[in-house]
Structure formats: C-alpha cells, structure tokens
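Please find below a colleague's note on the model shown here. The points are numbered so that each can be checked against the coordinates.

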Amino acid sequence: MRGVEAGDAAGLADTLTRNRAYMAPFEPWRSEVFYTEAGQAARIDALLAERDGGRVAPYVLVETGSGAPVGMINLGSIALGPFRSGGLGYWVDRAWHGRGLATAAVEEVCRIARDEIGLHRVEAGTLVDNTASQRVLAKAGFEQYGLAPRYLHINGAWRDHRLFQRLLHDDPPL
C-alpha cells in the first residue's frame, strides 16, 4: 500500500476494466471515460487535490514485485475539530479476494487515521447483502451502528446500507 500517484492511471484503468462486471453490483454508475487511462488520470488529479486540502487520504494497493495496482482504499470526508472522523472506501481486484489484503489495508488506514491524522473514529458503509465487505470490517474492529435506508445510488437504484464505525481512541481532540 502506498499513496496514489499520477503514474497509476494506466494500471488502475486496466484493473478496473478487468473487474468492471464483477464490481457493478457494488458501484455507482460510471461513464465509459472512468475506465480509461485519461479518466483515471483525472480521478487521481482530483484525489491528490483533495489530499492536499486535507479532505482525503488515497492509497493504491499494489502487487509486490510488479507494482501493478490491485485495489484502492481511501479515507475521505475527513472532519477535524471535535468530530475527528473520516469515511472509508475500498475495493480489491477479484483475483485478490480472500487473501487478507482488504483487511490489512483497512487496519493500516485506521492506524494512519489515528497516529498521523489524529482521528477519533472511522466509518464505512456496505450494501446490506455485501457480506464479504462486512467480514473485512468486522475483522478490522468495526462495529455496525445503524442502517441507512436508500443511502447511495448503486447499480441503478437507491440502496440501503449497513453503517459501521471503528473508534480509534478516546483521547481529547488535538
């Protein structure tokens, strides 16, 4: 896992294209441009601009050796002050499922959120029937705290989501 870079655009476009049909039930509608190198380059530019503004911490998950992207994870909607919270999102190449990569990445991002950003909590949401992602969150210490009806527009409809959080510490805000 490392910070996303402009040079990741082609590899991410390839990985996303390869996983497009598999990820469709879990994703919002995406334009055809999203699956191109140019589309990913624009997305990376936007993520890096948000990172520089302190609103997002994007990372790419890479294969050891080749450095090829096999997923992404980001901590967005970062709020400081008395809230000190952020929202987690991630995806992993289907070929890498079941190897603990997502769990390890979630745990590392929680460590960064606590130790480097000073957050108190991290939250995440999953589709109600996305049991694989719910297992990842449970293994990483997240607890379900609610159900959000029609939370996100996913795969053509407003879908209910289970909401999870992980409290990182109980120290006062920095």
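1. Basis of the note. This is a predicted model, in which local features need pLDDT of at least 70 and side-chain atom pairs count only at pLDDT 80 or more, while totals for chains, interfaces and linings use all residues. Residues are numbered from 1 along each chain as its sequence is written, and side-chain values use heavy atoms, with hydrogens and water left out.

2. Aromatic pairs. A pair of aromatic rings is described by the distance of the centres and the angle of the planes. Two aromatic pairs are found in a search of the whole structure. Here rings of Phe, Tyr and Trp (its six-membered ring) pair if their centres lie within 6.5 Å; planes under 30 degrees apart count as stacked, over 60 as edge-to-face and the rest as tilted. The pair of Tyr22 and Phe26 is tilted, because the ring centres are 6.2 Å apart and the planes stand at 55 degrees. Tyr22 is partly exposed at 28% relative accessibility, and Phe26 is partly exposed at 33%. In these terms, buried means under 20% relative accessible area, exposed over 50%, and partly exposed in between (1.4 Å probe, protein chains only).

3. Phe34 and Tyr35 form an edge-to-face pair, with 5.1 Å from centre to centre and 80 degrees between the planes. Both Phe34 and Tyr35 are buried. Which residue lies over the face of Tyr35? Arg20 does, at 4.0 Å from the ring centre. Arg30 lies over the face of Phe34, at 4.4 Å from the ring centre. A charge is counted as over a ring if NZ of Lys or CZ of Arg is within 6 Å of the ring centre and within 35 degrees of the ring normal.

4. Packing of α1 and α3. Helices (H or I, at least four residues) and strands (E, at least two) are DSSP runs, numbered from the N terminus. Helix α1 (residues 9–18) packs with helix α3 (residues 37–52) at an angle of about 115 degrees, and their axes are 8 Å apart. The axes are lines fitted to C-alpha atoms, for helices over the stretch in contact, and angles run from 0 to 180 degrees between N-to-C directions. From α1, Ala9, Ala10, Leu12, Ala13 and Leu16 meet Glu37, Gln40, Ala41, Arg43 and Ile44 of α3; contact means heavy atoms within 4.5 Å. By class, the contact of α1 with α3 holds seven nonpolar, one polar and two charged residues. Ala, Val, Leu, Ile, Met, Phe, Trp, Tyr, Cys and Pro count as nonpolar, Asp, Glu, Lys and Arg as charged, and the others, Gly among them, as polar.

5. The buried side of α1. Ala9, Leu12, Ala13, Thr15 and Leu16 are the buried residues of α1. These buried residues pack against α2 (20–23), α3, β2 (56–62), β3 (69–79) and β4.

6. Gly86 and Val92 in β4. Gly86 is found in strand β4 (residues 85–92) and is buried, with a relative accessible area of 1%. Leaving aside neighbours within four places in sequence, Gly86 is in contact with Leu75, Gly76, Ser77, Ile78, Leu119, Arg121, Val122 and Glu123. Val92 also has its place in β4 and is buried, at 7% relative accessible area. Not counting residues up to four places away in sequence, Val92 touches Leu61, Val70, Gly71, His97, Leu101 and Ala102.

7. Ala105 in α4. Ala105 is found in helix α4 (residues 101–117). Is Ala105 buried or exposed? Ala105 is buried, with a relative accessible area of 6%. Apart from residues up to four places away in sequence, Ala105 touches Met1, Leu61 and Ile73.

8. Positive phi angles. Most residues other than glycine have a negative phi, and most peptide bonds are trans. Arg150, although not a glycine, has a positive phi of about 45 degrees. Arg150 is found in strand β6 (residues 143–154) and counts as exposed at 59% relative accessibility. Asn155 likewise has a positive phi, near 50 degrees. Asn155 is found in the loop between β6 and β7 (157–167) and is partly exposed at 42% relative accessibility.
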